[in-house]
Structures are given as C-alpha cells and as structure tokens.
Amino acid sequence: YQRRVHGGLATPMVGGVDLIGTVVESTQFSPGQQVIVNGFGVGTDHWGGYAEQARVRSEWCIPLPEGLTQYDAARLGTAGYTAMLCVDEILRRGVSGPVLVTGATGGVGSVAVMLLSGLGYEVVAVTGKADTSHWLKALGASS
C-alpha cells in the first residue's frame with residue numbers, strides 16, 4: 001500500500017527532518033567530513049535523518065561546526081535552527097528591551113531563551129508548565 005504525503009515520496013518512507021552524517025563521496029566535501037542538512041524537504045519529500053545512509057545534494061549540506069559533535073547537532077536540530085533564525089531577525093531589526101518567548105519549554109523556545117539571554121537580552125519566558133520555572137531561569141530567563 002502506497003500513498004503520497006505532502007506531494008513528496010510515496011509511503012512507506014524514512015522520516016527525520018534533521019540529517020547529520022559523514023560524507024562518503026562528494027565533489028564539494030571531503031570523504032570523512034561531517035555535515036548537517038536541515039530543510040529541503042528532508043523527511044517529507046526525501047528520505048530523512050533516520051536512514052542509515054542518505055544521498056542528498058551537496059548544496060544542501062553545511063559543514064558540522066568545529067567543537068560540535070554529531071550528537072549535539074542532532075539535539076539542537078531544526079528547533080535550534082529555527083530559534084537561531086528568530087534571534088537573527090530580532091538582531092537584524094535592532095530590537096532592544098525585554099523579549100517575550102512563548103512556548104519557552106519547547107525545543108524552539110528553550111533554545112531561543114538560551115540564545116537571547118546569552119546575547120544580553122532580558123527574556124520573559126511564557127509556558128503553561130508552572131513546574132519548569134527553575135529550569136527556564138537556569139536557561140537565562142529573567143521571569
């Protein structure tokens with residue numbers, strides 16, 4: 001039984017919206033080099049990061065930053081990338097003063113709290129989980 005999902009691959013397919021791995025063969029990267037892929041329909045239109053091996057376009061890959069393990073990159077994943085894009089927009093617009101982060105205990109929100117507080121912003125974290133206030137403050141939230 002096969003059906004199309006999101007106009008992409010027929011199911012069954014391999015999911016996983018983040019892909020981190022070691023290059024086997026490429027014209028732009030060295031064999032053994034570690035790379036990250038976020039976006040580009042990985043996990044929806046193309047086999048995703050849960051695959052044992054994946055073949056992707058080299059322009060989708062970015063080198064794994066020095067000092068960041070594959071495990072740490074996977075933990076940050078799309079949530080970290082999305083939070084970084086939001087913080088980048090705040091910086092681009094020159095926003096100052098307190099920043100409100102909703103959904104602060106989620107993946108995107110918790111990374112945003114860490115990034116913003118690390119940049120010196122006063123971060124007001126909003127969550128429906130009252131028992132997480134100490135954790136959010138440990139991430140850098142002021143309230």
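Guide: This is a predicted model. We can begin with the pockets. The largest pocket holds about 680 Å³ of space.

Visitor: Which residues of its lining lie nearest the centre of the largest pocket?

Guide: Val24, Glu25, Ala54, Arg55 and Val56 do, out of 21 lining residues. Strand E1, residues 18–22, gives the most to this lining, with four residues.

Visitor: How does the lining of the largest pocket divide by class?

Guide: Sorted by class, 10 of the lining residues are nonpolar, eight are polar and three are charged.

Visitor: How much space lies in the second largest pocket?

Guide: The second largest pocket has about 280 Å³. Its lining is made of 14 residues, and Asn38, Leu76, Gly77, Gly80 and Tyr81 are those nearest its centre.

Visitor: Which elements each supply at least two residues of that lining?

Guide: Strand E2 (34–38), helix H1 (70–93) and helix H2 (107–118) do. H1 gives the most, with six residues. By class, the lining of the second largest pocket has 11 nonpolar residues, three polar and no charged.

Visitor: Let us turn to the strands. How do I read a sheet, and what is the strand order in the open sheet of three strands?

Guide: Strands count as paired if at least two bridges are found between them. Here the order is E1-E2-E3, and the pairing is antiparallel. E1 and E3 (62–63) are the edge strands, each pairing on one side only.

Visitor: How many bridges join E1 and E2?

Guide: There are five bridges between E1 and E2, in the antiparallel sense. To find your place in the pairing, look for Ile20, which stands opposite Ile36 in E2.

Visitor: Where does H1 lie relative to these strands?

Guide: H1 lies across E1 and E2, and runs at about 150° to E1.

Visitor: Next, aromatic rings. How many aromatic pairs are there?

Guide: Rings count as a pair if their centres lie within 6.5 Å. By that rule the count is one aromatic pair.

Visitor: Why is the pair of Phe40 and Trp60 called stacked?

Guide: Planes under 30 degrees apart count as stacked. The ring centres of Phe40 and Trp60 are 5.1 Å apart and their planes are at 10°, so the pair is stacked. Phe40 and Trp60 both sit in the loop between E2 and E3, 20 residues apart, and the pair links distant parts of the chain.

Visitor: Last, the whole chain. What does its secondary structure come to?

Guide: The protein chain has three helices and five strands. Along the sequence they follow the pattern β-β-β-α-β-α-β-α. The C-alpha trace spans about 45 × 40 × 30 Å along its principal axes.

Technical notes: Residues are numbered from 1 along each chain as its sequence is written. This is a predicted model: local features need pLDDT of at least 70, side-chain atom pairs count only at pLDDT 80 or more; totals for chains, interfaces and linings use all residues. Side-chain values use heavy atoms; hydrogens and water are left out. On a 1 Å grid over the protein atoms alone, a cavity is a set of points where a 1.4 Å probe fits but cannot get out, and a pocket is an open set with protein on both sides within 12 Å along at least five of seven lines; lining residues have an atom within 4 Å of a point. Grid points are joined across faces, edges and corners, and a volume is the space filled by probe spheres set on the points. Ala, Val, Leu, Ile, Met, Phe, Trp, Tyr, Cys and Pro count as nonpolar, Asp, Glu, Lys and Arg as charged, and the others, Gly among them, as polar. Contact means heavy atoms within 4.5 Å. Axes are lines fitted to C-alpha atoms, for helices over the stretch in contact, and angles run from 0 to 180 degrees between N-to-C directions. Rings of Phe, Tyr and Trp (its six-membered ring) pair if their centres lie within 6.5 Å; planes under 30 degrees apart count as stacked, over 60 as edge-to-face and the rest as tilted.
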